[in-house]
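Here's a quick briefing to read with the structure open beside you. Take it one topic at a time, and find each spot as you go.

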Amino acid sequence: MPELLQFLLSGITVGAVYALVALGFTIIYNASDVVNFAQGEFVMLGGMITFFAHAAGLPLPLAALIAIIVTAAIGVALNKLAIEPARGAPVVSLIIITIGASIFIRGATQLVFDKQLHRFPAFSGDQPILIGGATILPQSLWVIAGALAVFVCLWLFFTRTLIGRAVLATANNRVAAQLVGINTKYVMTLSFAMSAAIGALAGVLVTPITLTSYDVGLALALKGFAAAMLGGMGNPKGALVGGLLLGVLEAMTAGYISSQYKDAAAFVVILAVLFAMPQGLFGRKSTDRV
Amino acid sequence: MRLSSKATTLLILAAVIAIAPVFFPSSYYFRVGSLIFVNGLAVTGLVILIGYAGQISLGHAGFAGIGAYACALAPVHLGLHPALAAVLGALLSAAIAYLVGRPILRLKGYYLAVTSLGFGILVSMVLSNEAQLTGGPDGMAVPELGLRAVLKAIGIDLSNTEFWYAFSGLVLVLGAWLALNLYHSPTGRALRALHGSEVAARTVGVDVAHYKLVAFVLSAIYASVSGSLLALQNKFITPDVAGFMHSIEMVTMTVLGGAGSVLGAILGAAILTTLPQVLTIFQEYEQLMLGLVMMLVMIFMREGLLPSITRRIRGRAE
């Protein structure tokens with residue numbers, strides 16, 4: 001039993017990171033119908049910038065804040081320079097553009113910083129906490145709390161604030177939103193900034209556990225995307241549940257079947273889910289207009 | 001007399017392949033040339049899938065991996081001649097593409113992209129994890145094709161790089177010819193129809209699911225043969241051939257040059273194959289440049305390089 005609990009705990013930790021990446025995907029997808037393959041790079045940037053700011057002598061919280069702000073700015077730049085000019089391009093082109101952006105950011109990071117693995121100290125020490133025979137790192141609790149906090153904030157933002165509702169309106173029908181006076185360009189900018197900031201936050205939270213380097217982004221993007229699809233594209237609740245589910249699933253596969261094939265398990269389940277319910281767990285059925 | 005676009009494409013392709021060696025100062029250029037042709041072949045397959053049928057796959061390197069490892073494994077374990085091993089690889093790829101394609105081609109856009117990507121990752125994962133069979137991430141040796149020795153016996157003595165330049169060039173022209181023929185065939189018309197509008201295609205009696213599958217299987221065979229050629233040429237293979245980056249490179253080459261045109265896509269393959277060779281001096285900047293090229297072309301030349309340029313030239317002439 002402690003074994004199962006241990007796998008569950010580590011699965012939830014990893015799952016919380018996937019959930020954060022998936023939430024980032026969801027925000028951009030809702031605002032612009034773009035799936036941003038560079039989402040994982042935001043996580044990488046969050047970790048890398050924090051490390052180098054911290055190494056330069058800044059206190060950790062300030063370094064993290066700087067990392068989140070800089071990454072948000074990069075997210076906005078990505079929208080302005082690459083996504084907005086390509087408005088209305090076919091899906092294949094958008095996929096290539098965001099994958100190109102991801103490779104570009106990776107190349108730039110490797111030039112500006114380096115190719116080493118980095119880690120900064122955990123927020124509340126490295127003393128594992130015992131829970132029913134299993135252990136969990138205090139940093140894992142930070143990650144899980146971070147994912148839940150972001151989810152609650154997003155929920156409040158989308159249901160309780162005017163600008164949040166404007167984002168939802170834009171997601172629903174861009175032209176109609178413009179007609180009622182919503183500045184949809186601003187909504188896009190805001191979505192990219194938020195999405196990048198959430199990604200960077202995930203990077204800040206998880207780096208003390210998993211370490212970071214310039215090339216960790218791609219794998220995270222794929223997992224986060226898989227989580228978002230598992231939950232149903234464009235649905236924040238789906239992103240959270242999909243992320244946690246995927247994390248637990250991976251941990252169980254690694255624990256009980258084969259650690260080499262843990263990544264495979266994730267994809268196999270996603271294939272299965274998509275065949276059974278192509279809209280994901282929480283997605284709505286949609287019909288094509290002719 | 002006006003040549004058909006099919007004849008023009010084949011003539012240009014054959015002429016460039018035949019004449020280019022005149023300007024090659026060293027055998028290294030033959031090597032780069034044959035790499036371009038190998039990539040060009042995979043990309044021609046993707047023209048059928050992306051350009052004709054309008055579907056996407058981010059997992060076609062998986063089929064290249066199957067073709068490559070067939071050439072490495074079948075001669076050792078089944079005692080097959082490497083050439084037959086390549087055929088076996090192509091058949092296997094076709095069969096797997098059929099089985100995988102049936103369910104996943106029901107999906108569209110991003111969903112199709114990610115499921116095909118998942119398939120590619122599964123293949124590369126199996127190749128790197130089943131180390132006792134495939135040698136794992138370290139790769140494994142591939143036997144000699146043996147055709148060069150046969151040519152030598154009948155009096156055609158080519159160096160190794162020259163032989164592979166000529167041989168993969170020949171396969172590429174053959175592949176391009178088949179793809180161009182397909183374009184004008186009833187199947188090609190059906191594919192283009194479902195690209196335009198699946199609903200409209202269905203109402204005029206096109207079996208959409210069937211034709212998508214045809215395009216998927218054909219492009220898988222192209223990718224598989226390209227993988228086989230790469231393995232036989234390098235006489236060595238690693239799981240990278242089936243990796244995610246290879247899939248991305250294939251799609252980028254296709255879309256960069258122009259997914260709707262065989263010649264354009266091969267041009268894309270030529271550019272992206274040569275770029276890293278030219279940039280070895282700036283190796284640090286390679287990723288930066290690749291990313292930048294991908295973004296710029298997609299933003300400013302959505303149809304790809306060749307169609308955009310020919311349109312501009314035509315526009316000026318009229």
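This is a predicted model: local features need pLDDT of at least 70, side-chain atom pairs count only at pLDDT 80 or more; totals for chains, interfaces and linings use all residues.

Residues are numbered from 1 along each chain as its sequence is written, while chains are lettered from A and ligands numbered from 1 in the order in which they are written.

**Chain B as a whole**

- Chain B has 15 helices and two strands; helices (H or I, at least four residues) and strands (E, at least two) are DSSP runs, numbered from the N terminus.
- Its radius of gyration is 19 Å, close to the 20 Å that the globule rule gives for 318 residues, so chain B is as compact as a globular protein of that length. That radius is taken over C-alpha atoms, and the rule is 2.2 Å times the number of residues to the power 0.38.
- Picture a box of roughly 55 × 45 × 45 Å along the principal axes: the C-alpha atoms of chain B fill it.
- Of the 318 residues in chain B, 52% count as buried. A residue is buried if 20 or more other C-beta atoms lie within 10 Å of its own, exposed if 12 or fewer, and partly exposed in between, with C-beta atoms placed from the backbone.
- Among the contacts in chain B with a separation of 6 or more, 77% join residues 24 or more positions apart. Two residues are in contact if their C-beta atoms, placed from the backbone, lie within 7 Å.

**What the UniProt record says**

- For chain A, the unreviewed UniProt entry gives the feature "transmembrane region" at several stretches, including residues 51-78 and 90-109. UniProt positions are in the numbering used here, feature names are shortened, and annotations may be inferred rather than shown by experiment.
- Residues 51-78 of chain A are 86% helix and 0% strand, with the end C-alpha atoms 23 Å apart.
- Residues 90-109 of chain A are 95% helix and 0% strand, and their end C-alpha atoms are 29 Å apart.
- For chain B, the unreviewed UniProt entry has "transmembrane region" at stretches including residues 28-51 and 255-275.
- Over residues 28-51 of chain B you'll find 100% helix and 0% strand, with 32 Å between the end C-alpha atoms.
- Over residues 255-275 of chain B the figures are 81% helix and 0% strand, with end C-alpha atoms 16 Å apart.

**Where the chains touch**

**The nonpolar cores**

- The largest nonpolar core has 200 residues, and those with the most contacts inside it are A19(A), L20(A) and A226(A). Such a core is a set of buried Ala, Val, Leu, Ile, Met, Phe, Trp, Tyr and Cys residues joined through C-beta atoms within 7 Å.
- Helix α1 (residues 2-32) of chain A gives the most to this core, with 16 residues.
- Leaving out residues up to four places away in sequence, A19(A) touches residues including A147(A), A227(A) and L240(A).
- Another core, of six residues, lies apart from the largest one and has F30(B) and F163(B) among its members.

- A200(A) sits in helix α8 (residues 184-210) of chain A. Is A200(A) buried or exposed? A200(A) is buried, because 32 other C-beta atoms lie within 10 Å.
- A200(A) and A72(A) are 128 residues apart in sequence, but 7.9 Å apart in space, C-alpha to C-alpha.
- D33(A) isn't a glycine, yet its phi is positive, at about 65°. D33(A) is in the loop between α1 and α2 (39-55) of chain A.
- K235(B), also not a glycine, has a positive phi near 55°. Look for K235(B) in the loop between α11 (208-234) and β2 (236-237) of chain B.
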